[in-house]
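Here is a short tour of one chain, written to be read with the model open beside you. Please keep the viewer to hand as we go from strands to helix to rings.

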Amino acid sequence: MRSACVLTDNSAQFPLPAFSGRGLVRILAHDISLRGIDHQGGKDLKLNQFPHSASSGLNPRLIPPSEQEFREVMANLSQNFDDILVILLSSHLSNAYENALAAAKDTQGRATITVIDSQTISVGLGILVQTAASNLESGRSASEVEKHIRQMIPHIYTLLCTPGLTYLHHAGFIDQSQATVGELLGLLPIFSLEEGKLSPLEKMRNFRAVLDFFQEFMDEFDELDYIALLQNGSFSNPDLRQLRQHAEESYPSTQYFEHMLNLPLATLFGPKCVGLFTIESLASHSRLT
């Protein structure tokens, strides 16, 4: 029987810290640059070191693993595994996907390497990786798991909201004038990831209104497998309880998770970013166990 593993990046956030197949997952980290200093894998950085605005020489940058780093990791993994599934954050948010593709072409040999653009990030990516690892652990072939993951991707809906528009400017998503004016006005724009690319949806005035928008968005679905809230401490406990209670009452069989913002997301969207991830149910979906 062929052996297989999953390679992902450190923007992934796993709903369950320990899950079936966790030993099959390898993580290759993005580096983070702040004020001209590169921090390997974000080491020694904390969220409170990110100011609300990136307009004062912060120059935040998420540095993807290089082609060479991917080649080295893939070569090492190919010594122990016949198949390597590489599942990475959206190619519109980082060059990791392109670097992995180039490295895979050079490394194909003993192992079959498949590179997948998740078109999402954070918990959305984490759920895909967990699902892949769990299915591999249960004995499904790498080709079956790849097909399953690609079927899931269009059914992952990602909303991200941030007042840190200067972070979006440094990441190359909006121009400087938009970022400066938006922050001065205190706007809270909400974006979706449409095929992995940021698409503006709405502008809010406060985080309570953001939660209301998240709840209304959630209610558009008939059935969901997972709901995950990404937060940063901006929501009050009563607000969080209200959203959680609504999710539990509206979708009693859906798994609901709450996560704190991680460093790769803070680098791209600022430390006040919040998000909602909804995964639409499919009959073929495997639940986390």
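## Strand S6 and its neighbours

Strand S6 (residues 83-88) and strand S7 (residues 112-117) run parallel and are joined by 6 bridges; strands count as paired here if DSSP finds at least two bridges between them. Isoleucine 84 has isoleucine 113 as its bridge partner in S7. To get from S6 to S7 the chain passes through helix H2 (residues 96-107), and this β-α-β crossover is right-handed, meaning that, with the strands pointing away from the viewer, the path from the first strand over the helix to the second runs clockwise. Strand S1 (residues 4-9) also pairs with S6 in the parallel sense, over 4 bridges, and cysteine 5 has isoleucine 84 as its bridge partner in S6. Helices (H or I, at least four residues) and strands (E, at least two) are DSSP runs, numbered from the N terminus.

How many residues of S6 are buried? The count is 6 of the 6, so the strand is largely enclosed by the rest of the structure. Asp83, Leu85 and Ile87 are buried on one side, and Ile84, Val86 and Leu88 on the other. Buried means under 20% relative accessible area, exposed over 50%, and partly exposed in between (1.4 Å probe, protein chains only).

## How to read the model

This is a predicted model, in which local features need pLDDT of at least 70 and side-chain atom pairs count only at pLDDT 80 or more, while totals for chains, interfaces and linings use all residues. Residues are numbered from 1 along each chain as its sequence is written, and side-chain values use heavy atoms, with hydrogens and water left out.

Strand S9 (188-194) pairs with strand S8 (residues 156-161) in the antiparallel sense over 3 bridges, with cysteine 161 opposite isoleucine 190 in S9. S9 and S10 also run antiparallel, joined by 7 bridges, and proline 189 stands opposite lysine 203 in S10. These two strands form a hairpin with 2 residues between them, where glutamate 195 in the turn has a positive phi of about 50°. In S9, 6 of the 7 residues are buried, so this strand is largely enclosed by the rest of the structure.

## Helix H7

The 12 residues of H7 should span 16 Å at 1.5 Å a residue, and its end C-alpha atoms are 16 Å apart, which agrees; the expected span is 1.5 Å times one less than the number of residues. Buried residues of H7 include Phe207, Phe213, Phe214 and Phe217. The buried residues of the helix pack against S8, S9, S10, S11, H8 and S13, where contact means heavy atoms within 4.5 Å. At the start of H7, a side-chain oxygen of asparagine 206 comes to within 3.2 Å of the backbone nitrogen of arginine 208.

## Aromatic pairs

The whole structure holds 4 aromatic pairs. Rings of Phe, Tyr and Trp (its six-membered ring) pair if their centres lie within 6.5 Å; planes under 30 degrees apart count as stacked, over 60 as edge-to-face and the rest as tilted. Tyrosine 157 and phenylalanine 221 have ring centres 4.9 Å apart and planes at 55°, so their pair is tilted. Tyrosine 157 lies in S8 and phenylalanine 221 in the loop between H7 and S11, 64 residues apart. Tyrosine 157 is partly exposed at 28% relative accessibility, whereas phenylalanine 221 is buried at 11%. Ring pairs link Tyr157, Phe217 and Phe221 into a cluster.

Phenylalanine 173 and phenylalanine 269 form a stacked pair, 6.0 Å centre to centre with 20° between the planes. Phenylalanine 173 is partly exposed at 25%, and phenylalanine 269 is buried at 1%.

Conventions. A polar contact is a pair of N or O atoms within 3.5 Å; within protein, one must be able to donate a hydrogen and the other to accept it, and residues adjacent in sequence count only if both atoms are side-chain atoms.
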